[in-house]
Amino acid sequence: MRALPAFAAALLTVSLALAGCSMGASDGQDMKADSAAKPATGQQGAGAADEGRGEQLAKDGKKAEAEAAKTHVIRTATLSVEVKSVTKALAEARSVALDAGGVIEDETTERVDDSYTTSHVVLRVPEAEYDSVLTELAGTGKLLSRTANAKDVTEQVVDVNSRIATQRASVNRVRKLMDQAQDITDVVALESQLNTRQAELESLLAKQASLADRTTMATVTLDLSEWAKEEKADEDDGPGFLDALGGGWDAFVSVLRWIVVVLAAILPFVVALAVLFVLWRVFGVRLTALRARRTPAVEPAAAPAPSPSPDEDKGEGEGKQD
């Protein structure tokens, strides 16, 4: 009877031990499954990230290829045109530029010697309208000279775009390092690097904007001048009545002008002589009167008695004898 309870206790102990072993094995299998699942999930996330990065690189590559395939040209031109009226030609040039979608960048108009007017205008027009604008501007008058220049800057544009992409990535890396830095020395050093790289990036962006502006908008410099008066006179058949009348009037005005000039030249002398004459009349007469008053009056001497003539003497003698 005592052997039966002991056997039962031993059987219970063995059962509990077997149950514990089976639970430990199942826990280990669960942990292995979890650990296997986690790397799989990590690999999937990494794969997704790599796939997204690959798509971005593919997009950037396609964009770079498109930029490389596109030709970037800076177009400039200079026109010198002689017109009848600079004012009218200038208004027409403005209208042509604005209708083409361009702008007036600079304008200088001046009148030379009060005889004719000149104008210097700088126009910015879209590259697509460049040729048509040149044709219209050349037709405003007599074309004296025309200079056109086209400079291919495709390599510069591609190089600047590539450097901008690299610099942006560098700036982003430095910013991430700053977010992770904990030491103040590291933060200061990283901030200095960030400022330097940010300044380089801004310089590249400014260069990119300048290239984009010069390649999309062409520059046209227009010099306008009026026809000379001599050429206009040569075009006429000959002088007419109005020309003769105008010439006579000009001669009459010129003579009057010279007369006025001569009178103006001798006027100071006439005034000086008149002043001297007045002074002489005033002070000369007074001096003469004073001298006359100071000189004493002299009585005239008695005239000698006339001597008798011989005939009178004879008459007197005969009278005495009688």
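Modeller: Buried means under 20% relative accessible area, exposed over 50%, and partly exposed in between, with a 1.4 Å probe and protein chains only. This is a predicted model, in which local features need pLDDT of at least 70 and side-chain atom pairs count only at pLDDT 80 or more, while totals for chains, interfaces and linings use all residues. Residues are numbered from 1 along each chain as its sequence is written, and side-chain values use heavy atoms, leaving out hydrogens and water.

Biologist: How many salt bridges does a search of the whole structure find?

Modeller: A salt bridge is a side-chain nitrogen of Lys or Arg within 4 Å of a carboxyl oxygen of Asp or Glu. The search finds five. In one of them, Arg 75 meets Glu 127 at 3.2 Å, N to O. Arg 75 is partly exposed, with a relative accessible area of 29%, and Glu 127 is partly exposed at 28%.

Biologist: Which parts of the chain do Arg 124 and Asp 213 tie together?

Modeller: Their side chains form a salt bridge at 3.2 Å, N to O. Arg 124 lies in strand E3 and Asp 213 in helix H5 (residues 184-216), so the pair joins parts 89 residues apart in sequence. Helices (H or I, at least four residues) and strands (E, at least two) are DSSP runs, numbered from the N terminus.

Biologist: Is Arg 124 buried or exposed?

Modeller: Arg 124 is buried, with a relative accessible area of 8%, whereas Asp 213 counts as partly exposed at 36%. Both residues belong to a network of salt bridges that also includes Glu 105.
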